[in-house]
Amino acid sequence: MTDEQQNNTSKIYQIKILGHLDVKWAEWFYGMTITHEPNGTTTLCGPLPDQIVLHSVLDRIRDMNLPLISVNPIVSGEQGSNDEVKGVSHDE
């Protein structure tokens, strides 16, 4: 795959934050799906076109003073299973 092809493909990310984020913020997070988990966390999940947009999402989480739990890229075909998510995580 060429650099140009890599730049045109979105990666799916799963971002977990502490607390329940109102779904009205979905547009602010580039249309990522907002899911309230029973354990009091919120999961943001969806495709982001590049690292710049990912950092923008993380900046917004920081600016809203929301505690970040984890950021995980989802490997193709593995979105449905948390056990198969690959990435870096920090549990509180």
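This is a predicted model: local features need pLDDT of at least 70, side-chain atom pairs count only at pLDDT 80 or more; totals for chains, interfaces and linings use all residues.
**Overall layout**

The secondary structure of the protein chain consists of two helices and five strands. Along the sequence, these elements follow the pattern α-β-β-β-α-β-β. The protein chain has 92 residues, and 30% of them count as buried. Among the contacts in the protein chain with a separation of 6 or more, 53% are between residues 24 or more positions apart.

Lysine 16 belongs to strand 1, which covers residues 11-18. Is lysine 16 buried or exposed? Lysine 16 is buried, and it has no salt bridge. The nearest side chain of opposite charge is that of glutamate 37, at 4.2 Å.

The side chain of lysine 16 does have a polar partner: the side chain of threonine 43, at 3.0 Å. Threonine 43 is in strand 3, residues 41-48. Threonine 43 counts as buried because its relative accessibility is 5% and the limit for buried is under 20%. Threonine 43 also has a polar contact of 2.9 Å with the side chain of glutamate 37. The side chain of threonine 43 therefore makes polar contacts with the side chains of both lysine 16 and glutamate 37, and a polar contact is a pair of N or O atoms within 3.5 Å.

The wider surroundings of these two residues can be listed as well. Leaving out residues up to four places away in sequence, lysine 16 touches Glu37, Thr42, Thr43, Pro67, Leu68, Ile69 and Ser70. With those sequence neighbours left out again, threonine 43 touches Gln14, Ile15, Lys16, Thr33, Ile34, Thr35 and Glu37.

**Aromatic rings**

How many aromatic pairs does a search of the whole structure find? The search finds two aromatic pairs. One of them is formed by tryptophan 28 and phenylalanine 29, with 5.9 Å centre to centre and 85 degrees between the planes. This pair counts as edge-to-face because its angle of 85 degrees is over 60. Tryptophan 28 is partly exposed, at 34% relative accessibility, whereas phenylalanine 29 is buried, with a relative accessible area of 0%. Ring pairs join Trp25, Trp28 and Phe29 into a cluster. The ring of tryptophan 28 also has a charge over it: the charged end of arginine 60 sits there, 4.8 Å from the ring centre.

**Salt bridges**

The count of salt bridges comes to two. The table gives their partners and distances.

| Salt bridge | Distance, N to O |
|---|---|
| Aspartate 59 and arginine 62 | 3.4 Å |
| Aspartate 63 and arginine 62 | 2.8 Å |

These salt bridges share partners and join Asp59, Arg62 and Asp63 into one network. Aspartate 59 and arginine 62 both lie in helix 2, residues 51-63. They are three residues apart, which is about one turn of the helix. Aspartate 59 is partly exposed, at 33% relative accessibility. Arginine 62 counts as exposed because its relative accessible area of 54% is over 50%. Aspartate 63 is exposed too.

Most residues other than glycine have a negative phi.

Tyrosine 30 has a positive phi, near 55 degrees, and is not a glycine. Tyrosine 30 is in the loop between strand 1 and strand 2 (33-36). With a relative accessible area of 40%, tyrosine 30 is partly exposed.

Where is asparagine 65? Asparagine 65 lies in the loop between helix 2 and strand 4 (68-74). Its phi is positive, about 60 degrees, although asparagine 65 is not a glycine. Asparagine 65 counts as exposed, at 67% relative accessibility.

Definitions and conventions:
Residues are numbered from 1 along each chain as its sequence is written. Side-chain values use heavy atoms; hydrogens and water are left out. Helices (H or I, at least four residues) and strands (E, at least two) are DSSP runs, numbered from the N terminus. Buried means under 20% relative accessible area, exposed over 50%, partly exposed in between (1.4 Å probe, protein chains only). Lys and Arg count as positive and Asp and Glu as negative; His and the chain ends are not counted. A salt bridge is a side-chain nitrogen of Lys or Arg within 4 Å of a carboxyl oxygen of Asp or Glu. A polar contact is a pair of N or O atoms within 3.5 Å; within protein, one must be able to donate a hydrogen and the other to accept it, and residues adjacent in sequence count only if both atoms are side-chain atoms. Contact means heavy atoms within 4.5 Å. Rings of Phe, Tyr and Trp (its six-membered ring) pair if their centres lie within 6.5 Å; planes under 30 degrees apart count as stacked, over 60 as edge-to-face and the rest as tilted. A charge sits over a ring if NZ of Lys or CZ of Arg is within 6 Å of the ring centre and within 35 degrees of the ring normal.
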